[in-house]
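Trainee: I have a structure to go through with you. Can we take it piece by piece?

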Amino acid sequence: MIYLDSAATSFQKPPSVAAAMQDALRQLSSPGRGGYPAANRAAETSYLCRTELAELFHVPMPEQVVFTFNATHGLNIAIKTLVRPGSHVVISGYEHNAVTRPLAAIPNVRVTVASAPLFRPDEVLEAFSRAIGPDTDAVICNHVSNVFGFVQPVEALAKLCSARKIPLLIDASQSAGVLPLDFEALGAAFVAMPGHKGLYGPQGTGVLLCNPNFLPKTLMEGGTGSVSMEQDMPEFLPDRLEAGTHNMPGIAGLLEGVRFVRQTGLEQICAHERNLTLTAAEELKKIPGTEVFSRPDLAAQTGVVSFRCNQMDVEELGDRLAQRDIAVRCGLHCAPEAHQTAGTEQSGTVRVSLSTFNKIPEIAAFLTAVREELQ
Amino acid sequence: MEHYVMIARSVTYAQQMQSVLSTNGVRSQFFRAPRELSDRGCAYAVRVPENQIAAALAAIRNARLAPLKIYVTQNNKYREAAL
């Protein structure tokens, strides 16, 4: 299979990830639940994973690194902490349903979309500046659009939010493990990310980076292995947000994924993915009838390219590619907001998304298949 | 030899204290706090030899960490330390 759907989940993982998960099943019980060797090994593994993540994202204390089930889980915690009924929230025009649906579930939330054209970070910033008002309770922005690979100006946005004293939530679902992100320098309230995409951990893992100035709202209550006499959830992290038994095979796998990312280096991973994306984008543009969403120099874009074609519905093209054992994602990508902003909500797009394990011959084979199908 | 026991609010916090101590050359042991020392129920602790308690406290404070309480062991009994 040629796997080009890493924006959904990275499929090829470093071999150490599966090995660590198998070892975890044999050797790790539950962290914070005992003083015997299997519990201590689990505690050690989870602490090492928090520490690796804290170093990768410049988080001052490992306690601020909370394990979640996925990015959506972390986004829900953050949104339900920052947003109350009647709040005003400003979001980018490229947000995923993982952001817009939790907002829609809170009564009477007023959402302003800071809409700006694709690959124009300056205009994104201007749109946010216009949309943020004195009554704004939170700003939410993804680092990279899951549909278009558009790299949004989160560093400049963080400065804007800091100056206006508005909490910022960053969805790093597509950037974690690819682009640098300095949590302490950003001063964001929360950063949510999956463990199973660019961090190369298994499905069922996610991470929420928490600013200690915000007491997060709990989505679940239960045992934490701490302050057990009290019926309120602990106020300290990570326990406050980690009720119940941890996904230790997942955390052990995530630890190895993060180690792989740090050993490989973000710069190398990003350069490789950009090179593949640029090749795919430029060659797709040569196919008659295709509309490819990228700038010639791949400015403000990384790892993901979307396209559509006059000749064929995007889902049909996806099916035909699947029959050739080529995996791409078609349709609206759970991000109707992004498609509305880009004007592709009627057609959807075919999305090609890369990982560090993809190779140029795979891109060449994909391009050959698209050419043949569209002839 | 007497030991000092620093009570942490969570397993992660105890690990963080142990990591800081290790970085600063202080030997310590991480363990589950005795029930009599965890009045809010379930805690972890870090044990430090008496001759390293001063270095341990300096390291912990420099790292802006704060044990919930510190006890000293005496004849196999715990007494809260006034430090």
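Mentor: The face of α5(A) turned away from its buried side holds two exposed residues, Asp122(A) and Arg130(A). Keep in mind that this is a predicted model.

Trainee: Which residues of helix α5 of chain A are buried?

Mentor: The helix spans residues 121-131. A residue counts as buried with 20 or more other C-beta atoms within 10 Å of its own. In α5 of chain A the buried residues are Val124(A), Ala127(A) and Phe128(A).

Trainee: How wide an arc do they cover around the axis?

Mentor: The three in question are Val124(A), Ala127(A) and Phe128(A). They lie on the same side of α5(A), because the arc they cover around the axis is only 100°.

Trainee: What covers the buried residues of α5(A)?

Mentor: Both strands and a helix take part. The cover includes strands β3 (88-92), β4 (110-114) and β5 (136-142) of chain A. It also includes the helix α6 (154-164) of chain A.

**Strands**

Trainee: How many residues of β5(A) are buried?

Mentor: β5(A) is largely enclosed by the rest of the structure.

Trainee: Which residue in β8(A) stands opposite Val66(A)?

Mentor: Val66(A) is in strand β2 (residues 65-68) of chain A. Val65(A) and Phe67(A) point one way from that strand, Val66(A) and Thr68(A) the other, and all are buried. β2(A) runs antiparallel to β8 (residues 206-210) of chain A, with 4 bridges joining them. Opposite Val66(A) stands Leu208(A).

**Cores**

Trainee: Which residues have the most contacts inside the largest nonpolar core?

Mentor: That core has 100 residues. Helix α8 (residues 248-264) of chain A gives the most to it, with 8 residues. Apart from it lies another core of 38 residues, including Phe150(A) and Phe307(A). In the largest core, the residues with the most contacts are Val139(A) and Leu169(A).

Trainee: What is Leu169(A) in contact with, leaving aside its neighbours within four places in sequence?

Mentor: Contact here needs C-beta atoms within 7 Å. On that basis Leu169(A) meets Ala78(A), Ile79(A), Leu82(A), Ala138(A), Ile140(A), Ala188(A), Ala189(A) and Phe190(A).

Trainee: Which element gives the most to the side of domain 1 of chain A that touches domain 2 of chain A?

Mentor: The assignment gives domain 1 as 2-10 + 266-374 and domain 2 as 15-264. Their centres, taken over C-alpha atoms, are 26 Å apart. In the contact between them, 31 residues of domain 1 meet 31 residues of domain 2. With 6 residues, the element that gives the most to the domain 1 side is α9(A).

Trainee: How many residues of chain A are in contact with chain B?

Mentor: The chain A side has 9 nonpolar, 6 polar and 4 charged residues. On the chain B side, 13 residues take part. The number for chain A is 19.

Trainee: Is Ser175(A) buried or exposed?

Mentor: Ser175(A) sits in the loop between β6 and α7 (183-186) of chain A. Beyond four places in sequence, it touches His143(A), Val144(A) and Leu181(A). Its count is 26 other C-beta atoms within 10 Å, so Ser175(A) is buried.

Trainee: And Gly244(A), buried or exposed?

Mentor: Gly244(A) is in the loop between β8 and α8 of chain A. Not counting residues up to four places away, it touches Met220(A), Gly222(A) and Gly223(A). With 11 other C-beta atoms within 10 Å, Gly244(A) is exposed.

Note on methods:
Residues numbered from 1 in each chain as written. Chains lettered and ligands numbered in written order. Predicted model: local features only at pLDDT ≥ 70, side-chain atom pairs only at ≥ 80, totals over all residues. Core = buried A, V, L, I, M, F, W, Y, C linked by C-beta atoms within 7 Å. Buried ≥ 20, exposed ≤ 12 C-beta atoms within 10 Å, placed from the backbone. Contact = placed C-beta atoms within 7 Å. Arc of directions from axis to C-beta. Domains from an automatic or database assignment. Nonpolar A, V, L, I, M, F, W, Y, C, P; charged D, E, K, R; others polar. Pairing = 2+ DSSP bridges.
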